[in-house]
Amino acid sequence: MPGVYPRTSVTALEQPPWFIVGPLAELWNRPVRELAHVAPSAFGPPERERHRIYSLLVMALVFHYWNGNKRGAVGDYPCRRDQRRAGGFYAGGNYLGHNIASIAVDGHGRLIDFDFNHNEIFCSSVEHAESRLVRRLFSLVQLRDDWRPSLSLRPDVPKHGYSGALQDVTIYTTLEPCAQCAGIMALGRVRAVIYIQRDPDMYLITHFLRNLTRPDFRAPLPVSADAFGFEYFEQLNDAYRKFVRDVETTPFFISQDGMIDAAPSVTSFLCTDEAKRLFGRASEELSRLSVSHRDFRPVLGGLAPAGRTLTNEEVWEHSKRFLEYALSHGHRGTPHRQ
């Protein structure tokens, strides 16, 4: 409607408009770098090990359900030679979505569930792993499933209704979240999100949301995996930067009729042999990991009493059992396939 928002001069915008309140008003005239900055988390060796186990697990899920056929199973993928099979076909079958997965962990260290990006199977650009996972978590709040009890039935967690059901949940995801997923995690009151690779196209949106929300409605704390010394973080980022350079001269895909895909997409990178090699190495490490801080039990904001929280040794065993479950009968109806 004309006239609702009168024109505002650049000079007037030195002061925030009346409808800009809270943290944004406080940061209005500050450099954008301050809005994007979230202080790095500090982790001791036991916490670093614990985060490492969960991060290895979510990478193992991606590896075991790997599918690089973003442009179909036939044609030429110069960066996927190791995935090529006899007859010119590439391993993987139908492409259901990108090689991106997320897991949810409660305050006791127990795994709740996992999900994948399924953009292709639903012909939708919003079926991202994190948003699918948050929706699934809310569907489990009033239920029990065959992996673990419902979130809402735990006697040690105060009842806050659906708005507080996920307040002790941490999500581990293989790629930095987008605006949609950051917003859904904020609405779900997810405690923290750990990401294992940067997505430059997402512009640190999780950091912006963290700084622009108040304590009573706080977006999850974003933590990049380098904060706990997870070397796959830099290896994936370095490999992606190399892919961006290489795709300028060597396309990601060439179809049988000559169509060329040379876009420097991170989801294309996540189809390549190099990406698969890194995810495979993480999967192998999970199976043979030697746990150093076996008896460590963290306490998260009083929501998870120490006596009930899993130790690091238990987290490792728990993660291996969860991976077996996810690969054997936890497909949830729309699995990625090898």
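**Burial and helix packing**

Mentor: Of the 338 residues in the protein chain, 50% are buried, meaning under 20% relative accessible area with a 1.4 Å probe, protein chains only. This is a predicted model, in which local features need pLDDT of at least 70, side-chain atom pairs count only at pLDDT 80 or more, and totals for chains, interfaces and linings use all residues. Residues are numbered from 1 along each chain as its sequence is written, and side-chain values use heavy atoms, leaving out hydrogens and water.

Trainee: How many helices and strands are there in the protein chain?
Mentor: The protein chain has 10 helices and 7 strands. These are DSSP runs numbered from the N terminus: helices are H or I with at least four residues, strands E with at least two.

Trainee: At what angle do the axes of α3 and α10 cross?
Mentor: The axes of α3 (residues 45-64) and α10 (residues 312-328) cross at roughly 10° and come within 10 Å. Axes are lines fitted to C-alpha atoms, for helices over the stretch in contact, with angles from 0 to 180 degrees between N-to-C directions. The two helices are therefore roughly parallel, the term for angles under 35 degrees.

Trainee: And which residues divide up that contact, by class?
Mentor: The contact of α3 with α10 has 12 nonpolar, 3 polar and 2 charged residues. Nonpolar covers Ala, Val, Leu, Ile, Met, Phe, Trp, Tyr, Cys and Pro; charged covers Asp, Glu, Lys and Arg; the others, Gly among them, are polar.

Trainee: Switching to α4 and α5, how do their axes cross?
Mentor: The axes of α4 (residues 129-140) and α5 (residues 179-187) come within 8 Å and cross at roughly 25°, so these helices are also roughly parallel to each other.

Key
Angles under 35 degrees count as roughly parallel, over 145 as roughly antiparallel, 65 to 115 as roughly perpendicular and the rest as oblique.
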